[in-house]
Amino acid sequence: MAKYLARDAPVVYYCTMKKFRIQKRLSAYQMDPTGSLRPLMLMNELQAAADIHAEEIGLGVSFCRENSLAWVALFFHVDIPKMPNASNDIVIETWPSSREGGLRAIRDFLITDAQTGEVLVRATSQWVMIDMMTRRPVAFAERIPNLVEINERALDLPFEKFPDFDPNSSQIVARRYDDYDLNQHVNNAVYAVWATEALGVEFRGKHRLRGISLNFKREISFDVKELNIETAYKDKKSAHRISSEGVIHAYVVCDWVPR
């Protein structure tokens with residue numbers, strides 16, 4: 001069993017044979033003007049838990065650097081019954097839940113309130129491991145044949161191609177150096193920022209993000225200077241297409257509820 005943090009303790013994590021858990025207190029800088037966790041920070045917290053767990057089981061940054069490999073996300077589905085806020089100490093739980101074929105691995109996440117156990121966020125994600133030299137996926141049977149999986153899903157949704165759409169607005173954003181991470185590609189969380197910010201300050205002030213799905217299509221190279229964010233909004237759902245010079249890099253779909 002986990003020992004939960006005392007109120008004055010900053011962070012603790014541990015790894016069990018089955019799942020990884022991290023308990024922490026959220027900080028003011030992570031919050032939006034309403035006191036709720038920003039989408040950028042939510043995605044970063046999920047990514048950080050996955051990174052730590054991968055390192056603990058021997059498949060993290062150290063392993064990837066030694067073998068010229070990298071984990072790359074293809075999909076994220078995030079269900080947000082209640083966005084964490086500044087008053088929450090949270091527990092983030094993550095585990096590899098299954099594989100699809102020999103190239104795709106699924107990792108699930110669960111965020112709960114540390115005091116009450118209330119479920120705040122459920123998420124599932126699909127990943128491939130790529131060879132950094134060829135930028136092509138590698139077979140798990142060749143590189144990590146003993147990958148352990150926990151047959152349990154936090155969010156049982158399929159990883160299917162997102163439908164295209166006709167946008168009713170678009171905007172150009174500049175690609176920034178700080179958008180890129182250690183793997184030389186745009187960090188997963190940045191796509192959530194581009195999508196949610198495209199709806200404007202007034203909309204964001206009146207609506208809360210209830211769910212977000214991301215389908216990553218094509219890497220954004222350092223040569224890309226600007227990105228086009230096309231958006232369609234209908235029935236409390238927004239769809240976003242992120243592209244540059246006709247190349248589609250990602251689709252994002254968000255569900256919204258009034259604040």
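**A walk through the model**

Guide: Gladly! In this predicted model, the largest nonpolar core has 60 residues, and Trp71, Phe76, Val78, Met129, Tyr191 and Trp194 have the most contacts inside it. A second, separate core holds 13 residues, including Ile130, Phe162, Ala232 and Ala239. As background, nonpolar side chains in soluble globular proteins tend to be buried together.

Visitor: Which tryptophan does Met129 contact, leaving aside neighbours within four places in sequence?

Guide: Met129 is among the residues with the most contacts inside the largest core. Leaving aside those within four places in sequence, its contacts include Phe63, Leu69, Leu103, Pro137, Phe140 and Ile144.

Visitor: Is the aromatic pair of Phe76 and Trp127 edge-to-face or stacked?

Guide: The structure holds 12 aromatic pairs. In the pair of Phe76 and Trp127, the centres are 5.9 Å apart and the planes stand at 75°. Planes over 60 degrees apart count as edge-to-face, so with 75° between the planes this pair is edge-to-face.

Visitor: How many residues apart are Phe76 and Trp127?

Guide: Both Phe76 and Trp127 are buried. Phe76 sits in strand E3 (residues 69-79) and Trp127 in strand E6 (residues 119-131). The pair links distant parts of the chain, and the separation is 51 residues.

Visitor: What about the rings of Tyr180 and Phe222: how are they arranged?

Guide: Tyr180 counts as buried at 11% relative accessibility, while Phe222 counts as partly exposed at 34%. Their ring centres are 4.2 Å apart. The planes are at 20°, so the pair is stacked.

Visitor: Let us turn to charges. How far apart are the closest N and O atoms of Glu93 and Arg21?

Guide: Side chains of opposite charge can pair when their charged atoms come close. The structure holds 20 salt bridges, and Glu93 forms one of them with Arg21. The closest N and O atoms of this pair are apart by 2.8 Å.

Visitor: Is Glu93 buried or exposed?

Guide: Glu93 belongs to a network of salt bridges with Lys19, Arg21 and Glu152. Glu93 has a relative accessible area of 10%, and buried means under 20%, so Glu93 is buried.

Visitor: Which parts of the chain does the salt bridge of Glu149 and Arg99 tie together?

Guide: The closest N and O atoms of Glu149 and Arg99 are 2.3 Å apart. These parts are 50 residues apart in sequence. They are strand E4, which holds Arg99, and the loop between helix H3 (140-143) and strand E8 (169-174), which holds Glu149.

Visitor: Strand E4 came up there. How many bridges does E4 form with E5?

Guide: E4 is mostly covered, as 9 of its 12 residues are buried. E4 pairs with E2 in the antiparallel sense over 6 bridges. With strand E5 (residues 104-113), E4 also pairs in the antiparallel sense, and there the number of bridges is 10.

Visitor: Which residue takes a positive phi in the hairpin of E4 and E5?

Guide: Along this pairing, Arg99 stands opposite Ala105 in E5. The hairpin has 3 residues between the strands. The residue with a positive phi, near 70°, is Gly101.

Visitor: Why is helix H4 largely enclosed by the rest of the structure?

Guide: At the start of H4, a side-chain oxygen of Asn187 reaches to within 3.0 Å of the backbone nitrogen of Ala189. The buried residues of H4 include Ala189, Tyr191 and Trp194. Helix H4 (residues 188-197) is largely enclosed because the buried share of its residues is 8 of 10.

Visitor: Last stop, His240. Which residue does its side chain join in a polar contact of 3.0 Å?

Guide: His240 is placed in strand E11 (residues 237-244), and at 0% relative accessibility His240 counts as buried. Not counting residues up to four places away in sequence, His240 touches Phe165, Leu199, Glu230, Tyr251 and Cys254, among others. The side chain joined to that of His240 by the 3.0 Å polar contact belongs to Thr231.

Notes
Residues are numbered from 1 along each chain as its sequence is written. This is a predicted model: local features need pLDDT of at least 70, side-chain atom pairs count only at pLDDT 80 or more; totals for chains, interfaces and linings use all residues. Side-chain values use heavy atoms; hydrogens and water are left out. A salt bridge is a side-chain nitrogen of Lys or Arg within 4 Å of a carboxyl oxygen of Asp or Glu. Buried means under 20% relative accessible area, exposed over 50%, partly exposed in between (1.4 Å probe, protein chains only). Helices (H or I, at least four residues) and strands (E, at least two) are DSSP runs, numbered from the N terminus. A nonpolar core is a set of buried Ala, Val, Leu, Ile, Met, Phe, Trp, Tyr and Cys residues joined through side-chain atoms within 4.5 Å. Contact means heavy atoms within 4.5 Å. Two strands pair if DSSP finds at least two bridges between them. A polar contact is a pair of N or O atoms within 3.5 Å; within protein, one must be able to donate a hydrogen and the other to accept it, and residues adjacent in sequence count only if both atoms are side-chain atoms. Rings of Phe, Tyr and Trp (its six-membered ring) pair if their centres lie within 6.5 Å; planes under 30 degrees apart count as stacked, over 60 as edge-to-face and the rest as tilted.
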